[in-house]
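Dear colleague,

I am pleased to hand over the structure below. Please look through it first, and then read the notes that follow.

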Amino acid sequence: MSLEIKICGLSTMDALLAATAGGASHAGFIFFAKSPRHVTPEMAAPLAARAREKGVQPVAVTVDADDSKLDAIVEAVQPAMLQLHGAESPGRVVDLKARYGLPVMKAFAVSVPADLDRLGPYAGVADRFLLDARPPRGSDLPGGNGVSFDWSLLERLPAGTPYMLSGGLNADNIAEALAIADPPGIDVSSGVESGPGVKDSALIEAFLLAVAEAQEDRRTAAVGV
Ligand SMILES: O=C(O)c1ccccc1N[C@@H]1O[C@H](COP(=O)(O)O)[C@@H](O)[C@H]1O
């Protein structure tokens, strides 16, 4: 399976097109008012439409959103997947999957081995997991803080766990992250920004290039060339 790559927190067409041109598989839009990356459904709709045209899956990122907020997002944006980045229960995930008929990626903060035990009740309920760093104390944001965690903790995950690795990824550390965790997907936001919420097309290109180079190096090493 090829590595899935989500560029998250997009709010401009330039940045979206840098992501689609560079080989991203998913484009994330943040519907969380406290975030510097916050977009309204009306702002995200044309970006998501262009992503779809380019074969890239739009992802709606929400934090404990209620049904009326999600209804508006789903209707305007037509996401391919919902990312739930709050304290949504397994029952809430079941309800949302039934209500919208969309796959759900449930986010978890990881800082110690026991954090991975919290995935258990969601196994077979959420379609995949997003494994992010624990937010720094005092942060208003449950994600998008640009901090990473000890990727070696992920050795404990059962083989085949569907997840995206996130938290503090950037062009300089992505090769190491892939080597240590070997995730099926990756997700980046702050690491491709020139300032909080300001996506930088050159940094998006550099990140995607670094991913491609790291994958090529890993393939070469695997065949012993
Ligand atoms: O990015 C945000 O502002 C955000 C707000 C609320 C929930 C999730 C958010 N972002 C998610 O966190 C990951 C990791 O971000 P970073 O690369 O460490 O900055 C990001 O990709 C989003 O999925």
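Met 105 is part of strand E5, which spans residues 104-110; strands (E, at least two residues) and helices (H or I, at least four) are DSSP runs, numbered from the N terminus. Please note that this is a predicted model, in which local features need pLDDT of at least 70, side-chain atom pairs count only at pLDDT 80 or more, and totals for chains, interfaces and linings use all residues. Residues are numbered from 1 along each chain as its sequence is written.

Is Met 105 buried or exposed? Met 105 is buried, with 25 other C-beta atoms within 10 Å. A residue counts as buried if 20 or more other C-beta atoms lie within 10 Å of its own, as exposed if 12 or fewer do, and as partly exposed in between, with C-beta atoms placed from the backbone. Leaving aside residues up to four places away in sequence, Met 105 touches Met 81, Gln 83, Ala 126, Asp 127, Arg 128, Phe 129, Leu 130 and Met 164. Such a contact requires C-beta atoms, placed from the backbone, within 7 Å.

**The protein as a whole**

The protein contains 6 helices and 10 strands. Of its 225 residues, 39% count as buried. Among contacts between residues at least 6 apart in sequence, 54% join residues at least 24 apart.

**Two helix pairs**

Two packed helices are described by the angle between their axes and the distance between the axes. Axes are lines fitted to C-alpha atoms, for helices over the stretch in contact, and angles run from 0 to 180 degrees between N-to-C directions.

The axes of helix H1 (residues 13-22) and helix H6 (residues 201-223) come within 9 Å and cross at roughly 15°. H1 and H6 are therefore roughly parallel to each other (angles under 35 degrees are roughly parallel, over 145 roughly antiparallel, 65 to 115 roughly perpendicular, and the rest oblique). In this pair, Asp 14, Ala 15, Ala 18, Ala 19 and Gly 22 of H1 meet Ser 201, Ile 204, Glu 205 and Leu 208 of H6.

Helix H5 (residues 174-181) also packs with H6, at an angle of about 45° and with the axes 9 Å apart. This makes H5 oblique to H6. From H5, the contact involves Ile 174, Ala 175 and Leu 178; from H6, it involves Phe 207, Ala 210, Val 211, Ala 214 and Arg 218.

Yours sincerely

Methods. Contact = placed C-beta atoms within 7 Å.
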